[in-house]
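Student: Could you take me through one part of this structure closely, namely the aromatic rings and how they are arranged? I would like the confidence of the model set out before the geometry.

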Amino acid sequence: MVAIVDPDEDLVRRVGQGDPAAAQTLVARKLPRILALAQRMLGDAAEAEDVAQEAMLKAWRQAPKWAPGKARFDTWLHRVALNLCYDRLRRRREIPTDTPPDRPDEGPAPDRGLLAAETGVRVDAALKRLPDRQREAIVLCHYQELSNIEAAVLMEISVEALESLLSRGRRALRQALSDMAPAGSPRAGRGDGR
């Protein structure tokens, strides 16, 4: 068995020993990525903050018991955050409502200077419409910048299965955003997403 090299091992050990400086360093190092992951998975800033705080609290509680060698701490923390996101997504589906949720206006922005912001909103909306596992694969590989191997381990699937999820997710995103392709590009004007 190959030993897992964990760049956070010493830091987690120090957090587990009650070192306040190590706890601050751990939060500074991990919170932004966990917050970004939760924001992409949930599409709600307040919920993302709650998830990120809860994940960091679990990390702080786990630090004294952390046994290095089984997995990288960062991988474990991402899994915790993803599980918390899925718990919230499940609760959303379980709440019956009488009225459909408000939809963001996907029309053109009144101020052309906001084009980049509108693009981000459109991409986020398209990402939210992906099936959970495809969204998870895209977020881990493209936004969290994990390697395919790291993402596959985190998702508990093979690299081939991850690549399939990525391929289907990218195809769905291309199709959903096909009208945004620059004029003259091979994708412009195509509705088939190829």
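**Confidence and aromatic rings**

Tutor: This is a predicted model, and its chain averages a pLDDT of 82, with 79% of the residues scoring at least 70. Over residues 108–113 the pLDDT falls below 50, and this stretch has 3 contacts in the model beyond near neighbours in sequence. Residues 187–194 also have a pLDDT below 50, although here the model shows 12 contacts beyond near neighbours in sequence.

Turning to the rings, a search of the whole structure finds 3 aromatic pairs. In one of them, Phe 73 and Trp 76, the ring centres lie 5.4 Å apart and the planes meet at 35°, so the pair is tilted; the angle falls between the limits of under 30 degrees for stacked and over 60 for edge-to-face. Both residues belong to helix α4, which covers residues 73–94, and they are 3 residues apart, about one turn of the helix.

The two partners can also be described by their accessibility: Phe 73 has 0% relative accessibility and therefore counts as buried, whereas Trp 76, with a relative accessible area of 22%, is partly exposed, the cut-off for buried being under 20%.

Key. Residues are numbered from 1 along each chain as its sequence is written. This is a predicted model: local features need pLDDT of at least 70, side-chain atom pairs count only at pLDDT 80 or more; totals for chains, interfaces and linings use all residues. Side-chain values use heavy atoms; hydrogens and water are left out. Rings of Phe, Tyr and Trp (its six-membered ring) pair if their centres lie within 6.5 Å; planes under 30 degrees apart count as stacked, over 60 as edge-to-face and the rest as tilted. Helices (H or I, at least four residues) and strands (E, at least two) are DSSP runs, numbered from the N terminus. Buried means under 20% relative accessible area, exposed over 50%, partly exposed in between (1.4 Å probe, protein chains only). pLDDT is the predictor's confidence in each residue, from 0 to 100. Contact means heavy atoms within 4.5 Å.
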